[in-house]
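Q: Hi! Could you walk me through a few spots in this model?
A: Happy to, let's take a look.

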Amino acid sequence: MTGNPKHGGAWLRRFHPAPDAGVRLVCFPHAGGSATFYFPVSRTLSQSTEVLAVQYPGRQDRHGEPCVSDIGELADRVVEELLSLDTKPLALFGHSMGAMVAYEVARRLEHKGIKPLRLFASGRRAPSRTRHGNVHLRDDDGLIEELKKLSGTDSRILGDPDMLRMFLPAIRSDYKAVESYRHVPGPPLDCPVVALTGDDDPHVTLDEAKAWSEHTVGGFELKVYEGGHFYLNSQAAGVMEAISAGIAESRPTGPAHVGP
């Protein structure tokens, strides 16, 4: 890790400096995830892109803070932090729950006249496609069983009861946020949307991924990879290429406007 990872208050982390980058990528973690999930993304893209990872409260260095179990509130707080930064063009990437938060952030930014370069929505069905879930109401064993099915949690954590107890409140809060979210109809996004999904994801069908096209007038692309809900762990190279290509395609010409 290079430099001070905190950037833009408590909510954003920058792991690698990118002083010459004209574009910013803001990454949103999955349920139970943390900013460090995107350390490899930052390391790979930092030569051309400033990567900021969102740190939700209730985990890692924010472990002592109350969790937020509402997608809209998470989006509101992240937007506050983003508006405090310079006006460098930005793209948004979110996986699973993070895709929902990123989408709501994009809506709020566009309402304020700030159009993201692109929204990358990974491992999540379109906001208007609802499935009812009750994982957040299960006991600890039921919650742990769900984590094991998705294969997205470090096996060392799953095998350490004491460490698990530290993580479960944040995970339960995140599942509550996901399962209580209901899309509020409104204007579609102006920015392009790229939906990324695994071909064997039990939580997203191809039709549910394609339905992201209904939420933008700025262009839509669907990318399907081999794998399950956490396909991006084994398909990292392809995902990085998709992000880089998408940002390059929508990157503004001429010097970026930096400053308040």
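Q: Is Gln55 buried or exposed?
A: Gln55 counts as buried, because its relative accessibility is 2% (buried is under 20% relative accessible area, exposed over 50%, partly exposed in between, with a 1.4 Å probe and protein chains only). This is a predicted model, where local features need pLDDT of at least 70, side-chain atom pairs count only at pLDDT 80 or more, and totals for chains, interfaces and linings use all residues. Residues are numbered from 1 along each chain as its sequence is written, and side-chain values use heavy atoms, with hydrogens and water left out.

Q: Which side chains make polar contacts with the Gln55 side chain?
A: Gln60 does, at 2.9 Å, and so does Asp61, at 2.9 Å. A polar contact is a pair of N or O atoms within 3.5 Å; within protein, one must be able to donate a hydrogen and the other to accept it, and residues adjacent in sequence count only if both atoms are side-chain atoms.

Q: New topic: what caps the N-terminal end of α2?
A: Asp70, with a side-chain oxygen 3.1 Å from the backbone nitrogen of Gly72. Helices here are DSSP runs (H or I, at least four residues), numbered from the N terminus.

Q: And which residues of α2 are buried?
A: Ile71, Gly72, Leu74, Ala75, Val78, Val79, Glu81 and Leu82.

Q: Which residues of α3 does α2 meet?
A: Met97, Met100, Val101, Glu104, Val105, Arg108 and Leu109, where contact means heavy atoms within 4.5 Å.

Methods:
Helices (H or I, at least four residues) and strands (E, at least two) are DSSP runs, numbered from the N terminus.
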